[in-house]
Amino acid sequence: MSESSASPWQTLLPAAMVGTDKMAFSSPTLSGPVGALLAQIQAQAASPTLALLQTAGVLAVCERAARQGTARAAPATNVAAAPAPGTTPAANTAAPGNVPAPNIAAPGGTPAANIAAPETAPALTSKSLQISLRWALTDAPLRLQTELLQRLSAAGLRLPHSLLTLALEAGQRSVALRPALLAVLGERGRWLARQNTAWRYAEGAAADAPLETRWSDGSLAQRVELLRSERQRDPASARERFKAALPDLPAKDRAELAAVLIEGLSMDDEALLTALCKDRGGDVRQAVRALLVQLPGSATTQRAIARLQVCLEKPSTLKSLLGATWKIDAPQAAADDWKADGLEVQIPKYERLGERAWWLYQLARQVPLTWWESHTGMTPAALLQWARKSDWTEALARAWLDVLRTAPNIAWCQAFLDHWPGKAAHENPAAVLALLPPAQREPYWMQALQSKESAHASFIQVAGQIVQACPAGAHISLPLSELLIATLQNCLRDTAVVRHAYEFSAYLPELCCVLHPGVLPAWQALSHIENISSSLTNTLDRCIQPVAARLAFANPINPLAS
Amino acid sequence: MELSAESVLALAPDAASAKAANGLLKPGGWPTLGANDAAVWGECQGSGSKPYQTQVDLAGPTFKCSCPSRKFPCKHGLALLLLRAKDASLFTATTPPAWVADWLSTRTERVQKKEEKQREQATSPATEPSAAALKSAQQRWAKMATGAAELQPWLLDQLARGLGSLGPQSRSAWETMAARLVDAKAPGLGQRLSNAAAGLLQGADWPEKTLRQLGLLQLACEAVARRDALGEAAQTDLRIMLGWPLEKEAVLAQSPGVLDHWQIIGVVQEERDNNVQERRVWLQGQQTGRRALLLEHAFAGRGFEQSWLPFSSHAATLAFYPSAAPLRAIVVSSGGADSASAAPMPSPTSVSATLTTAAVSAASATPAAPADTSPAQEWRTLAQRVADNPWIPLHPLRCHAATPCREADGFSLLWGGQSLPLTLSDAEGWALLALSGGQPLSLMGEWNGETLRPLSASGADGVWNWSLL
């Protein structure tokens with residue numbers, strides 16, 4: 001509308017609000033043909049009310065014709081500027097007198113252009129793959145999304161612009177997807193993320209922000225990540241950073257950040273850790289002691305070893321020739337210096353162990369696993385077998401598991417799995433299995449699948465563990481995949497399996513994303529098995545799209561027809 | 001017709017159909033799949049014993065399926081086209097089976113008959129309306145005039161007492177007056193008053209907004225009172241605004257057809273009261289440069305028979321509704337050369353006929369975009385249109401070298417040194433930004449006097465258009 005300082009409506013409103021019965025109406029004065037029309041109305045109208053209504057009508061229509069946007073200087077672009085509108089010719093009777101001048105001088109110069117940088121990588125062009133990706137970004141499990149995006153990145157491609165919004169929203173919902181996503185966003189994607197506060201995570205520029213800013217402004221999760229990566233590069237400076245931040249952190253943060261120090265742990269850290277043993281927070285003390293156990297040279301651990309050594313009795317050479325083994329006996333009494341080292345004398349209410357077993361458990365928990373091997377000369381497997389025969393199985397098993405969790409040790413994990421202490425450990429072997437890297441776990445899975453137990457139960461259990469253990473984007477080895485498919489085939493052919501269809505449906509859609517790509521054609525053949533119950537068929541149907549997507553994305557530049 | 005997932009999904013009658021169609025994409029569920037230049041067909045295994053027979057006539061596209069769904073197009077039709085877009089190699093059969101060939105031939109017959117009938121109506125001299133028709137028309141005008149005559153003193157009364165005296169209870173009084181207008185066979189007028197009633201006391205600027213609406217109602221009253229002095233075109237515009245639509249046959253009879261290569265510049269679909277879907281298709285003629293609006297309604301679940309894909313171009317003859325600023329039109333016949341030679345057209349001269357044949361021969365090539373218009377030209381055309389017919393609710397705007405950008409609470413368009421507020425969902429806004437990357441686009445939208453609703457955009461990297469999802 002015209003740039004006149006007072007809108008013509010302002011002149012009309014007082015009379016309109018109060019009522020023309022009570023207030024006289026005066027027409028606004030405008031220049032040009034419109035003004036003449038309004039003057040004519042005022043002169044000719046039968047009543048002031050009529051004049052007011054007619055004026056309102058004229059103004060409404062003129063406004064409709066003339067109203068445009070608000071003036072805003074276009075930012076300087078390096079594209080050819082928009083065609084400069086020429087001087088507008090004289091308005092006809094219906095057009096308003098004032099048309100805003102097109103080139104309004106911006107206050108203080110033209111703003112800088114906000115344009116995305118040119119792209120460096122080619123976009124995914126295949127239409128069918130774009131369709132698959134659109135489906136995957138909304139409906140597929142996280143691991144499939146990660147895998148597809150990783151394959152794109154490996155092929156040197158980026159997301160086409162039509163998928164950027166969907167991708168950024170998926171990354172907003174799922175933190176774990178972000179690394180794979182950031183690799184394929186391209187310059188346009190990063191530019192787009194900068195325009196929306198909800199997509200800050202993808203800015204990419206944030207990664208360029210100085211370390212100090214990220215440390216001081218970051219959330220706990222971000223700080224943990226930061227500290228971990230710094231610890232890998234330079235353990236000493238990471239330790240100093242942690243130490244400097246300590247006074248300001250709440251207990252929970254202190255405990256979580258302390259746990260990060262496990263990376264590159266060395267005797268240099270002993271001083272800090274020992275000091276933290278007196279921290280106010282129980283979580284912090286626990287975390288720190290667990291770390292100290294991993295430093296056999298530290299004073300704390302030396303004391304713990306000394307206490308435990310007393311409980312162990314080595315058989316004399318003569319007796320050992322006769323087959324006698326080490327004996328272990330729980331302490332008879334608690335000493336006074338226990339409290340200082342975090343050993344509780346009083347059993348907690350919920351504890352199943354007896355008093356002496358409780359004491360033994362605590363003592364054993366502070367001793368590194370390697371010491372057991374070096375002191376007794378037994379292998380981990382032998383130690384476990386020995387522990388099973390002793391009176392204090394539960395205390396020992398639990399203590400060893402606690403130490404194992406902080407610093408997983410392959411030999412001990414395997415020993416535990418092979419010689420599980422049974423009910424003495426209040427845990428599932430799966431918890432220990434989880435400590436192993438997936439490559440070490442495969443032999444156990446294959447063993448479980450081939451066991452004599454009911455095929456579907458072991459299948460379901462192994463499938464569940466595999467799905468939980470395998471990180472997004474990774475897949476299991478070919479032999480294990482083939483074994484899984486063979487087992488699955490047998491299960492599907494077995495009509496009694498229908499009762500367990502629900503459990504299958506929980507795992508199969510994710511399982512098909514974890515298998516080695518080589519067995520995917522065999523998976524597709526599963527649908528052709530006859531006489532499968534309808535619920536299982538539905539489950540298999542849900543796997544069709546993920547499997548097809550995985551096959552298609554094997555080569556994103558030249559996709560297979562899926 | 002260019003098949004892509006986006007364009008197929010744009011044909012879906014609602015989001016649920018689109019999602020269901022996506023679920024039908026497994027090739028295993030389609031025992032038969034075939035395609036040729038004219039059509040795509042397939043059999044889909046549903047939950048019943050006999051598979052559903054689905055087929056699509058690509059020259060439309062028009063759908064037919066034997067499933068019992070009342071939605072149009074149904075999910076099977078959509079899925080069939082999606083499959084074709086995704087992987088054409090699945091469609092092995094090339095000779096259509098009987099149930100496809102029969103349908104296609106009856107369709108072409110039916111379409112030809114319909115077009116012939118429309119051409120006849122268009123070319124036959126406008127028959128004199130019968131005396132009975134004239135009388136009923138006069139009666140209707142009389143009723144509407146009575147309604148307007150009641151409205152006039154009511155308007156004066158409101159202003160005499162002042163808008164300040166209105167309170168929440170006034171809304172029902174205004175609604176009552178609106179209902180009286182509907183009874184007086186002027187539903188358009190009643191709707192405008194209803195809208196004004198709904199806006200009472202809403203927002204800080206309600207007095208100005210209400211005064212504006214009352215001003216327009218005043219204009220309407222005066223127009224009805226002076227209708228005989230108005231030209232015929234203005235009278236038609238008035239009657240359409242009042243809510244008395246023109247019959248399609250009347251339009252075909254009165255209007256000369258305009259033959260051109262029409263490019264679809266924007267499509268939008270909205271729900272109205274009573275479960276009615278309204279669809280607006282905006283066209284721009286490549287030779288004439290004229291803009292046209294196809295306005296259609298579909299009821300409760302049924303879709304629209306003809307689908308229009310944005311950025312596609314059709315040679316067709318349109319008949320414009322008579323008006324002082326002609327905008328709304330209907331399709332008389334599609335195809336260029338055929339219709340030009342089959343029956344004599346009332347208006348095109350030999351010049352335009354030769355132009356058409358040349359245009360048709362280039363039909364298979366990608367249509368050239370219509371010439372760019374400057375902001376000043378667009379606003380001027382718009383102002384002229386308002387001057388000729390102030391009752392038009394939505395105006396088409398084509399903005400070249402326009403840059404979308406994000407504002408604090410929405411999106412706006414920088415164009416010609418101005419910033420226009422945009423009406424669109426967040427998802428649509430981000431999609432537009434992703435397309436532009438800060439660079440200018442060519443965008444088309446509907447301007448309602450305050451905001452712009454974008455319907456299509458094209459840039460260096462691709463295109464975007466409004467869709468149901």
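This is a predicted model: local features need pLDDT of at least 70, side-chain atom pairs count only at pLDDT 80 or more; totals for chains, interfaces and linings use all residues.
## A salt bridge between the chains

Arg212(B) and Glu63(A) form a salt bridge, with their closest N and O atoms 2.7 Å apart. Across the interface of chain B and chain A, three salt bridges are found. The interface also holds 22 residue pairs in polar contact, with both residues at pLDDT 80 or more.

## Which parts of chain B touch chain A

Several elements of chain B give two or more residues to the side that touches chain A. The helices among them are α1 (5-9), α5 (131-161), α8 (206-225), α13 (375-388) and α14 (426-436). The strands are β10 (395-406), β11 (411-415) and β12 (418-421). The largest share comes from α8(B), which provides 11 residues. Sorted by residue class, the side of chain B that touches chain A has 32 nonpolar, 20 polar and 13 charged residues.

## Extent of the interface

In total, 65 residues of chain B are in contact with 59 residues of chain A. The two chains bury about 5500 Å² between them, and 62% of this lies on carbon and sulfur atoms. On the chain B side, the residues that lose the most area to chain A are Lys86(B), Leu211(B) and Trp430(B). Together these residues account for 12% of what that side buries.

## A sheet built from both chains

Strands of a sheet pair through backbone hydrogen bonds, in either a parallel or an antiparallel way. Here an open sheet of seven strands has antiparallel pairing and takes the order β1(A)-β12(B)-β11(B)-β10(B)-β13(B)-β14(B)-β15(B). The strands at the edges are β1 of chain A and β15 of chain B. Each has a single partner strand, so one side of each is left without a neighbour in the sheet.

Where does chain A join this sheet to β12(B)? The link is made by strand β1 of chain A, residues 70-71, which runs antiparallel to β12(B) and is joined to β12(B) by two bridges. In this pairing Thr70(A) stands opposite Ser419(B). Further along the sheet, β10(B) and β11(B) run antiparallel and are joined by four bridges. Here Cys405(B) has Ser412(B) in β11(B) as its bridge partner.

## The hairpins of chain B

Strand β13(B), residues 441-447, pairs with strand β14(B), residues 452-459, over six bridges in the antiparallel sense. Gly445(B) has Pro454(B) in β14(B) as its bridge partner. The hairpin of these strands has four residues between them, and Gly449(B) takes a positive phi near 100° in this hairpin.

A hairpin with two residues joins β14(B) to β15(B). Strand β15(B) covers residues 462-465, runs antiparallel to β14(B) and is joined to β14(B) by four bridges. The bridge partner of Ser456(B) is Asn465(B) in β15(B).

## Chain B as a whole

How many helices and strands does chain B have? There are 14 helices and 15 strands in chain B. The chain has 469 residues, and 48% of them are buried. Among contacts within chain B that have a separation of 6 or more, 62% are between residues 24 or more positions apart.

Conventions
Residues are numbered from 1 along each chain as its sequence is written. Chains are lettered from A and ligands numbered from 1 in the order in which they are written. Side-chain values use heavy atoms; hydrogens and water are left out. Contact means heavy atoms within 4.5 Å. Buried area is the accessible area (1.4 Å probe) that two parts lose on being put together, summed over both. A salt bridge is a side-chain nitrogen of Lys or Arg within 4 Å of a carboxyl oxygen of Asp or Glu. A polar contact is a pair of N or O atoms within 3.5 Å; within protein, one must be able to donate a hydrogen and the other to accept it, and residues adjacent in sequence count only if both atoms are side-chain atoms. Ala, Val, Leu, Ile, Met, Phe, Trp, Tyr, Cys and Pro count as nonpolar, Asp, Glu, Lys and Arg as charged, and the others, Gly among them, as polar. Two strands pair if DSSP finds at least two bridges between them. Buried means under 20% relative accessible area, exposed over 50%, partly exposed in between (1.4 Å probe, protein chains only).
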